[in-house]
Amino acid sequence: MNLFIKRISYRFTLISTVLLTTLGCSSSEDTTEPLEETQTEVTTIELTSLPFGGETPTNILIRNQGQSTPDFLSLWLCGLPSDGAGNADASDWTNADGSWDYNRKPQVEGNVTWMSEFNVSLDGNGNRIITGNALPDHPTGIFPITPGSDAYRYDGNPNIISEHVVNYRLPAIPEIAQEPNCVFFGPSGISLSGSAIYHGSSTLGNDAAAHEMLDRFGGHTDGTETYHYHFPSEDLQEHIHEHETGHAPLMGYMLDGFGIYGPYGEDGELLTSQDLDECHGHKHPVLWDGEIIDLYHYHWTYDFPYNIGCFKGTPQ
Ligand SMILES: [Zn+2]
Ligand SMILES: [Zn+2]
C-alpha cells in the first residue's frame, strides 16, 4: 500500500502545482495556459475519490434491457440475474462530491490459506490451456463474513469458498471479433493467482467493488462458492508480480484469451478508464509468452469498470 500512496502523493504534488499555476494564471493577464496540464488532472485517479459505476458517464448497460452496444467508461452486461444479493448501501464511504473512498470502506479481515492448483501451458496447436482448482495462492479473508465484524455490518455474505474445476482452452494469440461481445455473470477471466476475475457489477446491478465487502486482495465469494476479484488491490498486484517501471505486468487472462495487465501504461503512468476503449483495453506492443508483440489487451484500473467493459474477442 505504501508504494501506491507515495506514488499518489507525488502525483498530488504535481496536480497542486498545476492548480496553483492555473490559479496564478487566471488572476493575471497571462492567458496562455497549456491545455495538456488540465488533461493530466482529469486522468489522475486516487483511491480516496473513485467514481461509482452505474452513474453517468460510468454506466452499467444491459443488453437484454435494450442497450445494444457497449460504450466508453461503461460495462456492457448481457443481462442481470433476477435473484441478486449483496450490499446496496455505500453511504458510509461516499464522499460529499458523490465519489467513493476505498480507504474508508471496511475490508473482510482474516488470513485463510488455500491449496491452490493452477497451470498455464501452450499446446502447440494455437491454444492456451489453463487448468486449476480455482483456489487462490494467497490468503483470503474469512468467508462467510464473521458476524460482528466491521464488514458484516454492511454485507452478511454467507457463502463459503470451495474448489472448482478450471479448464479453459483459449486462443494463444486471440483475435479481435467483428463486433464486441457483452459480458455475462460468473467468471470473466482468470487471474494468475488461480482465482476468477469477475466484471465490475454485483448481481444487484451496482458497482461491486464500491459496495461489496472484499478482502485485502480485492476478492470475496458468492452463491457459487467461487472466490473472485472485483478490484486490483495493490496487495493483489504485488502478489502476482511487483511492478517496478514501465508497463504493468500480466495479471491474468480474460475468457476471450486476451491478457489483462495491471494499471500502468507504457511509460509507467497510472491508467484510468479514460485511457482505454469501450472494452477497457488498447493495442500496443506488449510482453506476451516471452515475446514483444503488438496485441490488444485489457488493463485492470482502480476506476469503474475496473477490468472489462465488453469482450473485444470471442469469449469461451
Ligand atoms: Zn463478487
Ligand atoms: Zn497497455
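Trainee: Which residue in β9 stands opposite I197?
Mentor: I197 stands opposite Y229 in β9. Strands here are DSSP runs of E of at least two residues, and helices are runs of H or I of at least four, numbered from the N terminus.

Trainee: What is the pairing sense of β7 and β9?
Mentor: β7 pairs with β9, residues 228-229, in the parallel sense over two bridges. Two strands count as paired if DSSP finds at least two bridges between them.

Trainee: Where do the model and the numbering come from?
Mentor: This is a predicted model, in which local features need pLDDT of at least 70, side-chain atom pairs count only at pLDDT 80 or more, and totals for chains, interfaces and linings use all residues. Residues are numbered from 1 along each chain as its sequence is written, while chains are lettered from A and ligands numbered from 1 in the order in which they are written.

Trainee: What is the average pLDDT of the protein chain?
Mentor: The average is 89, and 86% of the residues score at least 70. pLDDT is the predictor's confidence in each residue, from 0 to 100.

Trainee: Where does pLDDT stay under 50?
Mentor: Over residues 1-42, for which the model has 15 contacts beyond four places in sequence. A contact means that two C-beta atoms, placed from the backbone, lie within 7 Å. Where pLDDT is low, the predicted coordinates should not be read in detail.

Trainee: Back to the sheet. What is the strand order in the open sheet of eight strands?
Mentor: The order is β8-β9-β7-β6-β10-β11-β13-β12, with mixed pairing. β8 (219-220) and β12 (281-288) are the edge strands, each pairing on one side only.

Trainee: And what is the order in the open sheet of three strands?
Mentor: That one runs β3-β4-β5, and the pairing is antiparallel. β3 and β5 (166-171) each have a single partner strand, so one side of each is left without a neighbour in the sheet.

Trainee: How many bridges join β3 and β4?
Mentor: Five, in the antiparallel sense, with β4 covering residues 127-132. S121 stands opposite I129 in β4. The hairpin of β3 and β4 has four residues between the strands, and G124 takes a positive phi near 85° there.

Trainee: What about β4 and β5, how many bridges?
Mentor: Six, again in the antiparallel sense. G132 stands opposite V166 in β5.

Trainee: How many of the five residues in β3 are buried?
Mentor: Zero, so to speak of cover, β3 (residues 118-122) has hardly any. Buried means 20 or more other C-beta atoms within 10 Å of the residue's own, exposed means 12 or fewer, and partly exposed is in between, with C-beta atoms placed from the backbone. Over the 316 residues of the protein chain, 40% count as buried.

Trainee: How many residues are in the largest nonpolar core?
Mentor: It has 58 residues, and W76, L77, V183 and C310 are among those with the most contacts inside it. Elements that each supply at least two residues include β1 (60-62), β2 (75-77) and α4 (234-240). A nonpolar core is a set of buried Ala, Val, Leu, Ile, Met, Phe, Trp, Tyr and Cys residues joined through C-beta atoms within 7 Å.

Trainee: What is C310 in contact with?
Mentor: Leaving aside neighbours within four places in sequence, the contacts of C310 include W76, C182, V183 and C279.

Trainee: Where does Q67 lie?
Mentor: Q67 lies in the loop between β1 and β2. Q67 is partly exposed, with 16 other C-beta atoms within 10 Å. Not counting residues up to four places away, Q67 touches L61 and I62.
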